[in-house]
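Subject: Structure handover

Hello,

Here is the structure for your work, with notes on what turned up in it. Please look it over before reading on.

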Amino acid sequence: MAGITDKEVRALIAKAQREGKAQYQVDGSVPGLTISASKTGRASWYIRYRLAGKQKERTIGQYPAWGAAEARDKGKELRREIDGGIDVAIEKQRQKQEALLAITVDMLAAEYFQKAEKGMTLKTGMRPHTFKQRKSIHERYVSPLIGRFEASTITPAQVVNIVKKAEAGGKTLPDITLTHCNLIFAHGIGNGACTSNPCRDLKLSAIVGPREPPKQRIAMGAEELGAFLRELHRMPRPYELTVRLMLLTGVRINTIAEAMICEFKPDFAVWEVPHERRKNRRHTTGPFVIPLPAQAVEWACELIKLADTNDYLLPVNPIRGAGIRNPLSKRTTVAGWIDRVRAESGGTWRRITPHDLRSTCKTWLSELRVDYETRQRYLDHSLDSTVDNIYDKADYREHRLAAAKKWLAFLNDLEAGKESANVSDIRCVG
């Protein structure tokens with residue numbers, strides 16, 4: 001009996017699409033060789049056979065990548081193996097597993113980063129700066145030591161060596177490096193490239209010893225705040241306005257360092273932070289809309305004017321030789337100016353970081369008796385309750401604007417040296 005032709009395969013596909021149901025046709029020249037066509041227009045070759053009394057099948061490939069002649073030749077080859085007692089379906093699975101186990105760490109990392117990049121596109125995965133950081137860590141510490149090794153052969157001792165190497169790069173790098181390795185091998189287990197995760201039983205403290213406790217956040221008291229605000233004029237105007245906006249809105253340094261001018265809508269007195277730059281993306285959709293009091297709108301407009309024609313609110317010089325924007329420079333410069341003002345003025349406030357401005361904002365919102373839900377939304381924090389995070393989608397914009405006006409008025413009073421009748425000084429926190 002003559003075998004099926006390519007013309008007949010195309011006719012079978014057309015029939016499946018026309019009738020809206022799958023169609024099948026046996027080749028005839030090779031026992032068990034069959035072509036199936038789905039209603040979506042996809043067709044696949046496979047061979048059916050019986051072994052040890054059980055009906056089985058083994059996929060050959062899709063049409064048209066496998067034409068009728070090629071599929072028939074492959075079918076004959078498989079038929080000979082079947083007649084020799086080989087279970088070709090099991091053999092294919094074994095070969096696939098062997099191929100997976102031969103994947104190197106660098107190949108596994110490339111797959112992992114591809115998946116992570118897809119998550120960034122869907123706005124459900126890691127943030128762009130985290131993605132770049134993880135790739136850099138892999139290239140600097142992981143790839144040189146184990147990149148060419150098969151992922152399935154990596155031992156805990158090799159991971160320990162990587163983490164110790166990373167320690168020389170900074171005190172936070174060992175933790176990030178161990179996390180990165182753990183995620184790569186977890187991805188490998190999920191894809192069959194590894195049978196175990198060499199990071200599973202590793203503890204950071206056992207590798208690099210006890211770490212310094214994390215820095216406690218500082219919230220400046222009323223006297224400290226007043227003194228701090230009165231010395232901000234020592235900064236270049238763009239940095240002074242940046243610090244004032246950060247203190248008022250409670251945004252993170254990364255949020256304002258990467259802010260685009262197009263995010264500010266002076267006519268509507270709002271700042272719209274895109275969803276991909278929000279840290280709280282898991283329980284949110286769309287931009288984080290920050291309502292701005294009139295004085296803050298004036299600050300934003302002045303910053304836009306100072307930026308001239310740049311797309312960013314805070315222009316920065318490109319990385320030397322790379323021709324790309326270096327956002328780290330602005331974060332470093334803002335922190336540097338905060339330290340410099342304190343040193344040059346003999347400031348009486350404690351040494352603070354840019355993130356302490358956020359802590360100060362949150363603490364004083366509480367002291368000013370702003371309600372819990374408004375405080376959480378003000379700083380784009382999630383609510384404590386899992387149920388509330390899922391169902392409560394209110395953004396409290398009017399409440400947040402009222403809180404911002406109250407907070408700004410209090411800051412202006414402190415800077416002017418006025419006594420506040422509405423709130424007593426808080427204890428030094430931190």
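A residue counts as buried when its relative accessible area is under 20%, and as exposed when that value is over 50%, with partly exposed in between. The model is a predicted one, and every value below is computed from it.

Cysteines

By that cut-off Cys361 is buried, because its relative accessible area is 0%. As for disulfides, a search of the whole structure finds 0.

The sheet and its helices

Four strands make up an open sheet in the order β1-β2-β3-β4, and their pairing is antiparallel. The edge positions are taken by β1 (23–26) and β4 (54–63); each has a single partner strand, so one side of each has no neighbour in the sheet. On average, neighbouring strands are turned by 25° against each other, direction ignored.

Within the sheet, β2 (residues 33–37) and β3 (residues 43–51) are joined by 5 bridges in the antiparallel sense. Thr34 faces Tyr46 of β3 across this pairing.

Two helices pack on the sheet. Helix α1 (residues 6–19) touches β1, β2, β3 and β4, and its direction makes about 155° with that of β1. Helix α2 (residues 68–83) touches β2, β3 and β4, and the angle between its direction and that of β3 is about 15°.

Aromatic side chains

How many aromatic pairs does a search of the whole structure find? There are 7. One of them is formed by Trp364 and Phe410, with 4.7 Å centre to centre and 40° between the planes, which puts it in the tilted class. This pair links distant parts of the chain: Trp364 belongs to helix α14 (residues 354–367) and Phe410 to helix α17 (residues 397–415), 46 residues apart. Are the two residues of the pair, Trp364 and Phe410, buried or exposed? Both Trp364 and Phe410 are buried.

Elsewhere, one aromatic cluster is formed by Tyr112, Phe113 and Phe131. Phe113 also has a charged group over its ring: the charged end of Lys135 sits there, 5.7 Å from the ring centre.

Regards

Technical notes. Residues are numbered from 1 along each chain as its sequence is written. This is a predicted model: local features need pLDDT of at least 70, side-chain atom pairs count only at pLDDT 80 or more; totals for chains, interfaces and linings use all residues. Side-chain values use heavy atoms; hydrogens and water are left out. A disulfide is a pair of cysteine sulfur atoms within 2.5 Å. Buried means under 20% relative accessible area, exposed over 50%, partly exposed in between (1.4 Å probe, protein chains only). Two strands pair if DSSP finds at least two bridges between them. Axes are lines fitted to C-alpha atoms, for helices over the stretch in contact, and angles run from 0 to 180 degrees between N-to-C directions. Contact means heavy atoms within 4.5 Å. Rings of Phe, Tyr and Trp (its six-membered ring) pair if their centres lie within 6.5 Å; planes under 30 degrees apart count as stacked, over 60 as edge-to-face and the rest as tilted. A charge sits over a ring if NZ of Lys or CZ of Arg is within 6 Å of the ring centre and within 35 degrees of the ring normal.
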